[in-house]
Amino acid sequence: MSPSIGSAVGDAARRAFIRTPRSFQGRVLDALGRSAPWSEGRPPVPPPAPAGMRVDAPDFVGIGVAKSGTTWWFSLLMGHPEIHVEFDKEIDFFNMAFERRLDAGQVTVADVEAYRRWFPRPEGTIAGEWTPHYAFNRTMPAVLQVAAPGAKVLVMLRDPVERYRSDLSRRMPARDRDRIRYRGLANGMYANILVPWERAYPAEDLLVLQYEQCVREPAEYLEKTFRFLGVDDTYRPPELRTRVNASKSKQELDPFVVEQLVRLYEADVCNLLERYPEFDLSLWENFAYLAGPPPFPPSGG
């Protein structure tokens with residue numbers, strides 16, 4: 001097999017692996033002896049960068065949110081010839097173990113350099129990652145501005161009730177279900193979650209996408225994403241509507257629970273819409289009533 005063919009096969013295999021469920025990736029990495037980030041108090045070390053590639057900070061970082069189509073959207077980004085992902089979609093570098101080291105003042109310049117080594121790319125291309133839980137850490141904007149100065153930030157949001165339902169639909173050990181059940185509630189408070197990111201990043205460096213709009217018009221919103229990232233926005237991957245990691249079963253929620261969730265999220269959704277009026281609430285089935293006229297006429301005239 002020629003080197004060029006071997007390289008192409010290896011690249012295809014890496015891209016296919018990145019599209020697999022995170023749990024499967026973890027099992028494979030464990031079998032290969034690759035530790036989880038910071039599991040031994042040291043930053044995870046990536047495989048050696050291929051010869052001839054430039055290694056630098058990522059050009060973009062997706063920060064959230066989980067169960068909102070981020071794996072699907074990232075797979076579309078990977079198809080662009082000007083975007084190169086050598087390793088994983090979710091580097092998960094800045095996890096809880098990193099936070100503990102940060103709080104203890106133990107994070108060094110070498111740690112930041114270790115993060116950047118996860119992003120080799122050929123000249124003329126850009127690189128990035130998408131780790132959904134980054135959105136929920138209020139210290140992350142400051143961390144990323146040091147580790148990845150100049151990087152663009154991507155967010156994908158979904159109807160918070162449906163996102164919560166999907167979160168509960170994941171396969172998980174019984175001991176984790178209660179933790180997910182309660183943590184998942186807070187993860188749908190998008191307007192509050194985005195505040196530190198909006199303060200840290202100007203609007204031109206922060207792209208907030210609505211998952212349902214991307215599903216309805218993937219070509220339009222992929223063009224918008226490519227333009228935001230500064231690559232050719234006319235490119236269209238061949239599998240534009242092929243979903244990745246779609247749930248095979250949906251967790252049933254009692255109608256009373258759905259009603260309470262809608263009440264819980266309503267004020268936050270209204271706040272979000274004020275800041276992102278381009279969102280189409282008619283696509284969020286649980287909040288479509290907010291897309292219509294107010295129930296009462298304005299007072300005073």
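A residue is called buried when its relative accessible area is under 20%, exposed when that area is over 50%, and partly exposed in between, using a 1.4 Å probe and protein chains only. This is a predicted model, in which local features need pLDDT of at least 70 and side-chain atom pairs count only at pLDDT 80 or more, while totals for chains, interfaces and linings use all residues. Residues are numbered from 1 along each chain as its sequence is written, and side-chain values use heavy atoms, with hydrogens and water left out.

We can begin with helix α5, which spans residues 109-116 and has D111, V112, A114, Y115 and R116 as its buried residues; helices (H or I, at least four residues) and strands (E, at least two) are DSSP runs, numbered from the N terminus. These buried residues of α5 pack against β1 (54-55), β2 (60-64), α4 (96-103), β4 (128-130) and α6 (140-147).

Helix α6 is also the place of L144, which counts as buried because its relative accessibility is 1%. Apart from neighbours within four places in sequence, L144 is in contact (heavy atoms within 4.5 Å) with V61, I63, F94, Y115, P149, W197 and Y201. Between L144 and V112 there are 32 residues in sequence, and their C-alpha atoms are 9.6 Å apart in space.

Side chains of opposite charge can pair when their charged atoms come close. A salt bridge here is a side-chain nitrogen of Lys or Arg within 4 Å of a carboxyl oxygen of Asp or Glu, and by this rule the count comes to 15. One of them joins E90 to K89, with the closest N and O atoms 3.2 Å apart, and both E90 and K89 are buried.

Another salt bridge is formed by the side chains of D205 and K152, at 3.2 Å from N to O. This pair links distant parts of the chain, since D205 is in the loop between α9 (190-200) and β6 (206-210) and K152 is in strand β5 (residues 152-157), 53 residues apart.

E223 and R236 also form a salt bridge, their closest N and O atoms being 3.0 Å apart. Because E223 lies in helix α11 (residues 218-229) and R236 in the loop between α11 and α12 (255-275), the pair ties together parts that are 13 residues apart in sequence. E223 is partly exposed, at a relative accessible area of 27%, and R236 is partly exposed as well, at 29%. Finally, a network of salt bridges links E223, R227, D233 and R236.
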